[in-house]
Structure formats: C-alpha cells, structure tokens
Amino acid sequence: APTPALAADGAYPNRAITFVVPFPPGSVTDTSARYFGKKLTDLTGQPVVIDNRAGANGFIAVKQALSAKPDGYTIFFGSNSSLAVNAALFKKLPYDPVKDFKPLTLTVLTPAVLVTPSNSPYKTMADLIAAAKAKPGKLNYGAGSAGYQLMAELFNEQAHVQTTNIPFKGASEAMQGIVTNTIDFSFVEISAALELMNANKARGLGIAHTARVPAAKGVPTIAEAGLPGFTAYAWVAVTMPAKVPDAETKRMADLLTQIVQMPETKAFYAKLGAEAAKGGPAEFAAFQLKEIEQWKRIAKIAGVELQ
C-alpha cells in the first residue's frame with residue numbers, strides 16, 4: 001500500500017472521518033463506501049468510520065449528515081434515491097438534495113437491467129412490448145423501490161405501453177418475484193441480477209446502458225433491443241453538507257476523485273457489472289440536475305402519486 005502523504009501539521013484531514021450511508025451493509029452504496037473508506041485511509045493515514053443509517057427513504061441518514069458539525073469530517077455517501085429520485089416523489093422533502101449538499105464526486109453508475117423469469121414466454125424485449133400492447137395494464141412489473149418504479153415507467157413511456165406496478169422492499173426481493181415467476185418483468189440494478197441471470201434463473205432482456213456489460217453474457221443493450229437511447233442507472237455519489245468550508249470541500253473532492261480514477265477502482269466496479277464514474281464535483285453536479293429533471297418528468301407523466 002502507498003505510504004500516506006504526511007499532512008502538514010494540522011492539515012485536513014487529520015483525524016477520523018465518518019461516511020454516513022443510507023443503506024444497510026451489503027448494498028452497492030455500502031460496498032462503495034467501504035472500498036472508498038479503505039482507499040481514503042491509504043491516501044491520508046486517517047481512519048474512516050462507516051455509519052449505516054438505513055430506512056425512511058434515506059431521511060435518517062440525511063438528517064444525521066446535515067446535523068453533524070460542518071467541519072469536513074462527516075460525509076454523506078448517497079445514491080440516486082436520496083440525491084435525485086426523492087425530489088421527484090415527495091410533495092415536500094425535509095431537505096434539498098441540491099442546495100443542502102456540496103457535490104464531491106459520482107463514484108459509480110450501475111446500469112439497470114430488464115429481467116423476466118427464465119421460463120417466461122417473453123424471450124426478447126420485442127416479445128414483452130408486443131404482449132403489453134396486446135393487453136394494456138395486464139402485465140405487471142416488480143419494483144424494489146420508487147427509483148425502479150420510475151425506470152419501469154420510463155420504459156412504459158418509451159415503449160408506448162401500460163404495465164402495472166407491484167411494489168417490493170428492495171432489488172433482491174423483486175428478483176425473488178422473478179425467480180418464483182410471480183411478476184412479468186422487473187428493472188433492477190445489474191449487480192442484483194447477475195448471479196441469477198448467469199445461473200439461468202432469470203433472463204436479461206436488455207441492459208439500460210450505452211454499451212453491453214462484459215459480466216452479463218450476451219445480453220443486448222435496451223437500445224439494441226429496440227428502444228434507442230434508453231439508459232437508467234442506480235448510482236452512488238459522495239457529498240458534503242453545504243455548510244462545510246470550501247477548502248475542506250475541495251481537498252476531499254480531490255482525494256475522492258483521485259480514488260474514482262484509480263485502475264483498481266475501475267476493476268472493482270467492473271466485477272459488479274458496473275462502471276466507475278469519470279469523477280469530479282462539476283460532473284456530478286450537472287449529472288444530478290439532469291437526473292432530478294428526468295425523474296420529475298416521468299413521475300408526472302406516469303401520474304405517480306406524490307408522497
């Protein structure tokens with residue numbers, strides 16, 4: 001491991017840093033936080049504590065991060081749900097995902113995959129769309145979260161079909177619905193589906209990414225399967241509470257961007273079927289605004305009842 005660059009006396013960071021994570025251990029967000037924590041320790045010599053605050057749509061974790069002292073030692077390791085999708089789903093959020101945080105970097109984009117049960121009559125996306133057109137509202141999809149529901153509604157909009165939402169408590173539960181053949185299709189992040197797809201317990205019809213994923217043998221992109229330009233991602237991003245001074249924010253953004261761009265980070269995410277981001281605060285800020293706008297539009301078109 002590289003020896004930590006010795007910080008000048010008292011230079012930031014010079015003590016333990018806390019990553020507040022809105023999910024339990026085992027999620028891609030948590031796995032990312034642990035990986036980045038280890039690398040940040042390598043770079044700074046400071047320990048990183050992972051504080052998992054799952055539940056309540058990420059509100060508990062957000063509150064924890066925003067109520068901590070804004071000195072740069074509490075960092076919010078968030079995802080598409082807390083940093084974008086919530087803005088499309090709640091009449092009144094108890095926080096502003098843009099104004100209350102300063103962007104540090106996007107770490108990873110995990111493409112969603114459209115899956116059906118392995119014994120489903122729908123062997124291609126064209127089959128699924130044809131069946132949905134023949135029986136409006138009869139086909140159902142499993143959604144592990146509101147974020148996945150919006151992905152399925154984006155599909156409904158672009159394929160000009162009507163399918164019905166069956167809510168589940170997470171991507172792995174939605175995958176169980178696929179394996180037991182209780183739902184017609186689902187959008188889940190690819191890392192939640194890879195093992196089952198490769199074991200022929202679920203069939204991937206299309207990956208919502210600009211390119212095929214090497215880890216998912218032979219599954220076309222959704223664009224190749226017939227819906228040009230269709231992309232949808234679960235993603236992880238790191239932010240600081242907005243009140244943290246600029247010097248600390250910039251230093252942490254530089255450190256984390258450096259980690260995103262390491263070759264081993266790209267390899268770490270490729271194994272999950274995901275893609276390390278380009279990195280940097282400006283890229284993430286622009287990306288976040290685009291995501292919020294897209295999901296607000298879809299929630300409106302789909303008539304999703306705001307919470």
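Modeller: One term to begin with: contact means heavy atoms within 4.5 Å. This is a predicted model, in which local features need pLDDT of at least 70 and side-chain atom pairs count only at pLDDT 80 or more, while totals for chains, interfaces and linings use all residues. Residues are numbered from 1 along each chain as its sequence is written, and side-chain values use heavy atoms, with hydrogens and water left out.

Colleague: Which residues does Lys102 touch?

Modeller: Not counting residues up to four places away in sequence, Lys102 touches Thr239, Met240, Pro241, Ala242, Val244, Pro245, Asp246 and Thr249.

Colleague: Is Lys102 buried or exposed?

Modeller: Lys102 is buried, with a relative accessible area of 17%. Buried means under 20% relative accessible area, exposed over 50%, and partly exposed in between (1.4 Å probe, protein chains only). Lys102 is placed in strand β4; helices (H or I, at least four residues) and strands (E, at least two) are DSSP runs, numbered from the N terminus.

Colleague: What does the side chain of Lys102 make a polar contact with?

Modeller: The side chain of Asp246, at 2.8 Å.

Colleague: Changing topic, which residues of helix α2 are buried?

Modeller: In α2, residues 59–67, the buried ones are Ala61, Val62 and Ala65. Seen down the helix axis, they fall within an arc of 100 degrees, so they line one face of α2. The arc is that of the directions from the helix axis to the C-beta atoms.

Colleague: And what is on the face turned away from the buried side of α2?

Modeller: That face carries the exposed residues Lys63 and Ser67.

Colleague: What covers the buried residues of α2?

Modeller: The cover includes β1 (17–21), β3 (74–79), α3 (80–89), β4 (101–117) and β9 (233–241). Thr74 is found in β3 and is buried, with a relative accessible area of 13%. Beyond four places in sequence, Thr74 touches Thr18, Val20, Ala65, Ala68, Met240 and Pro241.

Key: A polar contact is a pair of N or O atoms within 3.5 Å; within protein, one must be able to donate a hydrogen and the other to accept it, and residues adjacent in sequence count only if both atoms are side-chain atoms.
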